[in-house]
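Q: I have a model open here and would like to go through it piece by piece. Can we start with one of the helices?

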Amino acid sequence: MAFGEIAGNPVGTNYPDRNALREAGVHWLNQAGIGWRADEDSAESIVLNEGYEDDRDLGDEILYTGHGGRDPNSGRQIADQQFTAGNKALAANKTLAVPVRVIRGYRLKSPFAPPTGYRYDGLYYVDDVWHDTGQAGYLIWRFRLLRADDAALPVPAPTGAIPDLPTARSAETVQRIVRSTVTALKVKQLYNYRCQVCGLVLVTPAGLYAEAAHIRPLGRPHDGPDVESNILCLCPNHHVLFDSGAIGVAANLTLLGGTGRLHVDDNHGLDAMQLAYHREHYWRD
Ligand SMILES: [Zn+2]
């Protein structure tokens, strides 16, 4: 078991090669980018080095492509990626909310890559997992990683980055969260906090409880709208099943991966396009 920070290896530690990473216990596999073990339920670490054409590194936020389906000689994508091994383990980091260690390598095409060797850059949460069609036309698994701590990255932000305006930005962020909460509240109240899938209402001492589930996620690269037509009122169980792609909703509102149908109020204005997006990128047959 080697989750989280490894003693003696603070953020910013440099390693000359993969062997040194392995000996330090920071990333135990010499080849694979995703460090996972068959007897554990999520991944421990990832090395960003080779990179896929669809990857993006924004420092605190990383769009990462899973492994598999590539020709070992040419490196070209020649088959679909499977939801097995490291890809499956990394998806579990999202559902279990376990962060992974992120290591950047010198071959990564990113302003945050170290000039030589490898560098441990801290813990990241897996915020989103979905599937897409890559540039070569095959299915790829994609992951959005968000930095867990807000200490500065060991490298400065690339030139041309937006200057930091802490006061203005935090006020704006708070306003956005408040607006988002109000939108979510409207949907929950429309359903009286009743899950649209199973009809359950949770009664807590502090009042009724339900969760607002965005159908098309707000984060990059989905950029779903934070509006009532893109939000479902779900119990926590069905929220997890929906976000992980275990269940989806057909065009006629029949539940996919479950039984029954989604209950939709006439005043909801639910957007069928967003349900289609969820079916295409999250639901797994
Ligand atoms: Zn439910």
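Q: What do the buried residues of H4 pack against?
A: This is a predicted model. In it, the buried residues of H4 pack against strand E11 (211-214), strand E12 (231-234), strand E13 (248-249) and helix H5 (272-281).

Q: Which residues of H4 are the buried ones?
A: H4 covers residues 236-243, and its buried residues are His 238, His 239 and Phe 242. They sit on the same side of H4, because they cover an arc of only 110° around the axis.

Q: Which residue just after H4 has a positive phi?
A: Gly 245, with a phi of about 85°.

Q: Switching to strands. Which way do the side chains of E3 point?
A: E3 is residues 45-48. Ser 45 and Val 47 point one way, Ile 46 and Leu 48 the other way. All of them are buried.

Q: How does E2 run relative to E3, parallel or antiparallel?
A: Antiparallel. E2 is residues 34-35, and two bridges join E2 to E3. Ile 34 stands opposite Ile 46 in that pairing.

Q: And E3 with E6, parallel or antiparallel?
A: Parallel, over four bridges, with E6 spanning residues 100-105. Ser 45 has Arg 101 as its bridge partner in E6.

Q: Now charges. How many salt bridges are there in the whole structure?
A: A search finds 11.

Q: What are the N to O distances from Arg 37 to Glu 40 and to Glu 44?
A: For Glu 40 and Arg 37 the figure is 3.8 Å. For Arg 37 and Glu 44 it is 2.6 Å.

Q: Which ring does the charged end of Arg 37 sit over?
A: The ring of Trp 28, with 4.5 Å to its centre.

Q: Where does Arg 216 lie?
A: Over the face of Tyr 277, at 3.8 Å from the ring centre.

Q: Back to salt bridges. What does Asp 127 pair with?
A: Asp 127 forms a salt bridge with Arg 144, and the closest N and O atoms are 2.3 Å apart. That pair links distant parts of the chain: Asp 127 is in strand E7 (residues 118-133) and Arg 144 in strand E8, 17 residues apart.

Q: Buried or partly exposed, those two?
A: Asp 127 counts as partly exposed because its relative accessibility is 30%. Arg 144 is at 10%, so it counts as buried.

Q: Aromatics next. How many aromatic pairs does the structure hold?
A: Three. One of them is Tyr 64 with Phe 143, a tilted pair at 6.3 Å centre to centre and 50° between the planes. Tyr 64 is in strand E5 (residues 61-65) and Phe 143 in strand E8 (residues 139-147), which puts them 79 residues apart in the chain. Tyr 64 and Phe 143 are both buried.

Q: What about Phe 83 and Trp 141?
A: They also form a tilted aromatic pair, at 4.5 Å centre to centre with 40° between the planes. Phe 83 is in the loop between E5 and helix H2 (85-96), Trp 141 is in strand E8, and the two are 58 residues apart. Phe 83 has 24% relative accessibility, so it counts as partly exposed. Trp 141 is buried, with a relative accessible area of 4%.

Q: Last one. Where is Tyr 106 found?
A: In the loop between E6 and E7. Tyr 106 counts as partly exposed because its relative accessibility is 41%.

Q: What is Tyr 106 in contact with, leaving aside neighbours within four places in sequence?
A: Asn 49, Pro 114, Pro 115, Thr 116, Gly 117 and Tyr 118.

Q: What separates the C-alpha atoms of Tyr 106 and Asp 60?
A: A distance of 18 Å, with the two residues 46 apart along the chain.

Conventions. Residues are numbered from 1 along each chain as its sequence is written. This is a predicted model: local features need pLDDT of at least 70, side-chain atom pairs count only at pLDDT 80 or more; totals for chains, interfaces and linings use all residues. Side-chain values use heavy atoms; hydrogens and water are left out. Buried means under 20% relative accessible area, exposed over 50%, partly exposed in between (1.4 Å probe, protein chains only). Two strands pair if DSSP finds at least two bridges between them. The arc is that of the directions from the helix axis to the C-beta atoms. Contact means heavy atoms within 4.5 Å. Rings of Phe, Tyr and Trp (its six-membered ring) pair if their centres lie within 6.5 Å; planes under 30 degrees apart count as stacked, over 60 as edge-to-face and the rest as tilted. A charge sits over a ring if NZ of Lys or CZ of Arg is within 6 Å of the ring centre and within 35 degrees of the ring normal. A salt bridge is a side-chain nitrogen of Lys or Arg within 4 Å of a carboxyl oxygen of Asp or Glu.
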